[in-house]
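Please look over the sequence and the structure before reading on.

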Amino acid sequence: MNRKASSREEWATQIASLDQRTPARKEPITVGRIVTTALALVEAEGFDALTMRRVAAALGTGPASLYAHVRNKAELDDLLIGALSRNVSLPTPDAGRWSEQVLDVCGQLCDQFLRYPGIARAALSAPPTNLDTLRITEGLLAIFLAGGVSPRSAAWAIDAVLLYVSAYTVESSLRGEVDRGEVLERLRMLPASHFPHIAEHAGELNSGDGHERFEFALRLMLDSVGRN
């Protein structure tokens with residue numbers, strides 16, 4: 001009997017404490033959370049969907065809370081490219097493999113940009129001011145110089161290869177998934193009387209898997225740099 005009474009008293013105490021419990025504290029807004037949320041939004045919906053208001057809504061707050069940590073959309077864009085740049089591994093420069101090392105760094109950055117459709121537009125919009133982004137430039141410069149490329153040629157080559165990475169990935173995001181079989185059939189339908197070379201080489205015009213075309217263009221650039 002006493003055990004039941006005690007149990008009921010404990011139960012009543014638990015019920016009474018419901019209104020006295022401290023509500024769970026909201027996780028504070030930080031630059032890291034803003035960047036992570038923004039990247040998730042771009043990955044799911046593309047770069048066009050990214051606004052300060054959308055990020056704030058995803059964090060359960062208002063835009064004013066974001067501006068206390070990130071000045072504007074341009075700064076957010078710079079932070080996003082910096083976050084992706086941190087995922088790129090930079091090798092120890094090797095004079096005998098410098099061109100392959102540049103290809104590898106560019107390929108890693110390309111994969112990062114392709115994961116977040118259209119995000120390379122942020123890299124094209126303004127010169128990098130983020131230390132993580134400049135780390136890529138520093139790493140590429142070290143590789144080019146180790147390969148015997150002159151400082152000016154190295155600087156201009158870095159600009160060219162990074163521009164190509166951004167342009168390539170932006171184009172990929174705009175095109176989406178291309179039905180290459182359909183493209184090939186359309187090329188083959190062209191009359192040889194008007195398009196003799198396309199008709200003969202339709203397969204080559206539509207060829208290339210993975211990063212093959214991407215690396216082909218980069219190799220052309222690097223071969224030219226190596227001769228200067």
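**Helix packing and selected residues**

The axes of α6 and α13 come within 10 Å of each other and cross at roughly 140 degrees; axes are lines fitted to C-alpha atoms, for helices over the stretch in contact, and angles run from 0 to 180 degrees between N-to-C directions. This is a predicted model, in which local features need pLDDT of at least 70 and side-chain atom pairs count only at pLDDT 80 or more, while totals for chains, interfaces and linings use all residues. Residues are numbered from 1 along each chain as its sequence is written, and side-chain values use heavy atoms, with hydrogens and water left out. Helices (H or I, at least four residues) and strands (E, at least two) are DSSP runs, numbered from the N terminus.

**The α6 and α13 contact**

- α6 passes α13 in a right-handed crossing; a crossing is right-handed if the near helix is turned clockwise from the far one by less than a right angle, and left-handed if anticlockwise.
- On the α6 side, the contact is made by Trp-98, Ser-99, Glu-100, Val-102, Leu-103, Cys-106, Gly-107 and Cys-110.
- From α13 come Phe-214, Glu-215, Leu-218, Arg-219, Leu-222, Val-225 and Gly-226, where contact means heavy atoms within 4.5 Å.
- By class, the contact of α6 with α13 has nine nonpolar, three polar and three charged residues. Ala, Val, Leu, Ile, Met, Phe, Trp, Tyr, Cys and Pro count as nonpolar, Asp, Glu, Lys and Arg as charged, and the others, Gly among them, as polar.

**Helix α13**

- Helix α13 has 16 residues (212–227), which at 1.5 Å a residue should span 22 Å, and its end C-alpha atoms are 23 Å apart, which agrees. The expected span is 1.5 Å times one less than the number of residues.
- Its buried residues are Phe-214, Ala-217, Leu-218, Leu-222 and Val-225. They cover an arc of only 135 degrees around the axis, so they lie on the same side of α13; the arc is that of the directions from the helix axis to the C-beta atoms.
- Phe-216 and Arg-227 are exposed on the other side of α13. Buried means under 20% relative accessible area, exposed over 50%, and partly exposed in between (1.4 Å probe, protein chains only).
- The buried residues of α13 pack against α6 (98–115), α8 (131–146) and α9 (151–175).
- Leu-218 is buried, with a relative accessible area of 1%. Leaving aside neighbours within four places in sequence, Leu-218 is in contact with Leu-103, Cys-106, Val-161 and Tyr-164.

**Helix α5**

- The 13 residues of helix α5 (73–85) should span 18 Å at 1.5 Å a residue, and the end C-alpha atoms of α5 are 18 Å apart, which agrees.
- α5 is mostly covered, with ten of its 13 residues buried.
- The buried residues of α5 pack against α2, α3 (52–58), α6, α7 (120–125) and α8.

**Single residues elsewhere**

- Ser-166 is in helix α9 and is buried, at 4% relative accessible area. Not counting residues up to four places away in sequence, Ser-166 touches Phe-113, Ala-120, Ala-123 and Leu-124.
- Leu-145, in helix α8, is partly exposed, with a relative accessible area of 40%.
- Ser-17 is in the loop between α1 (2–16) and α2 (31–45) and counts as partly exposed at 23% relative accessibility.
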